[in-house]
Amino acid sequence: MECRVKVFICADGRPVMGPGRYALLKAISEEGTVKKAAERLGWSYGYARRSIEALERAFGRKIVRTERGGPEGGRASLTDFGRKLVEEYERAVKEVREKDLKPIL
């Protein structure tokens, strides 16, 4: 038997960012577009946008900055707050690992 831990960041006592939304933000920072990040995760673009909107509503702040594009498409990047969320999630996962627990990523 194995025990695993799921890490969440909460807003107003509610879990709003777990492994999936963390992966989305990380992919956006690496891919540079919401569309490519969604494709990398096997998500639809609409699901990715709704996830971003839910995070932004929960925290009351912009998390992803987007620029409309022309023929080559738009760009996306994390705001300073979005980068802090990613860093905080990674810190929490590291802390779980240091306690010799296995996080669900």
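User: How many aromatic pairs does the structure hold?
Analyst: Keep in mind that this is a predicted model. Rings of Phe, Tyr and Trp pair up here if their centres lie within 6.5 Å. On that count, the number of aromatic pairs in the structure is 3.

User: Take W43 and Y47: is their pair stacked or edge-to-face?
Analyst: The two ring centres sit 4.9 Å apart, and the planes make an angle of 75°. Planes over 60 degrees apart go down as edge-to-face. So the W43 and Y47 pair is edge-to-face.

User: And are W43 and Y47 buried, partly exposed or exposed?
Analyst: Buried would need under 20% relative accessible area, and exposed over 50%. W43 comes in at 22%, and Y47 at 43%. Both values fall in between, so W43 and Y47 count as partly exposed.

User: Which helices does the pair of F59 and F81 tie together?
Analyst: The rings of F59 and F81 have centres 5.5 Å apart with planes at 65°, so this pair is edge-to-face. F59 belongs to residues 45-59 and F81 to residues 80-98, so the pair links parts 22 residues apart in sequence. Those parts are helices α3 and α4.

User: Are F59 and F81 buried or exposed?
Analyst: The cut-off for buried is under 20% relative accessible area. F59 has 19% and F81 has 17%. That makes F59 buried, and F81 likewise counts as buried.

User: Which element gives the most to the largest nonpolar core?
Analyst: This core has 29 residues, and M17, L25, I28, F59, I63, V64 and L85 touch the most other members. Elements that each supply at least two residues include β2 (9-11), β3 (14-17), α1 (19-31), α2 (34-41) and β5 (73-78). The top contributor, with 7 residues, is α4.

User: Leaving aside neighbours within four places in sequence, which residues is I63 in contact with?
Analyst: I63 is one of the core residues that touch the most other members. Setting aside neighbours within four places in sequence, its contacts are L25, L55, E56, S77, L78, T79, F81, G82 and L85.

User: Where is T79, and is T79 buried or exposed?
Analyst: T79 sits in the loop between β5 and α4. Beyond its neighbours within four places in sequence, T79 is in contact with K62, I63, V64 and R65. At 10% relative accessibility, T79 counts as buried.

User: What about S51: which residues is S51 in contact with, neighbours within four places in sequence aside?
Analyst: S51 has its place in helix α3. Its relative accessible area is 3%, so S51 is buried. With those sequence neighbours left out, its contacts are R21, L24 and W43.

User: Zooming out, in what order do the elements run from the N terminus?
Analyst: The protein has 4 helices and 6 strands. Its C-alpha trace spans about 50 × 30 × 20 Å along the principal axes. Starting at the N terminus, the order is β-β-β-α-α-α-β-β-α-β.

User: What share of the accessible surface belongs to carbon and sulfur atoms?
Analyst: Of the 105 residues, 38% count as buried. The accessible surface comes to about 6,900 Å². The share belonging to carbon and sulfur atoms is 47%.

User: How far apart do the centres of the positive and negative side chains lie?
Analyst: The protein carries 23 positive and 16 negative side chains.

Notes:
Residues are numbered from 1 along each chain as its sequence is written. This is a predicted model: local features need pLDDT of at least 70, side-chain atom pairs count only at pLDDT 80 or more; totals for chains, interfaces and linings use all residues. Side-chain values use heavy atoms; hydrogens and water are left out. Buried means under 20% relative accessible area, exposed over 50%, partly exposed in between (1.4 Å probe, protein chains only). Accessible areas come from the Shrake-Rupley method with a 1.4 Å probe; for residues, only the protein chains shown count as cover. Lys and Arg count as positive and Asp and Glu as negative; His and the chain ends are not counted. The place of a charge is taken as NZ of Lys, CZ of Arg, CG of Asp or CD of Glu. Rings of Phe, Tyr and Trp (its six-membered ring) pair if their centres lie within 6.5 Å; planes under 30 degrees apart count as stacked, over 60 as edge-to-face and the rest as tilted. A nonpolar core is a set of buried Ala, Val, Leu, Ile, Met, Phe, Trp, Tyr and Cys residues joined through side-chain atoms within 4.5 Å. Contact means heavy atoms within 4.5 Å.
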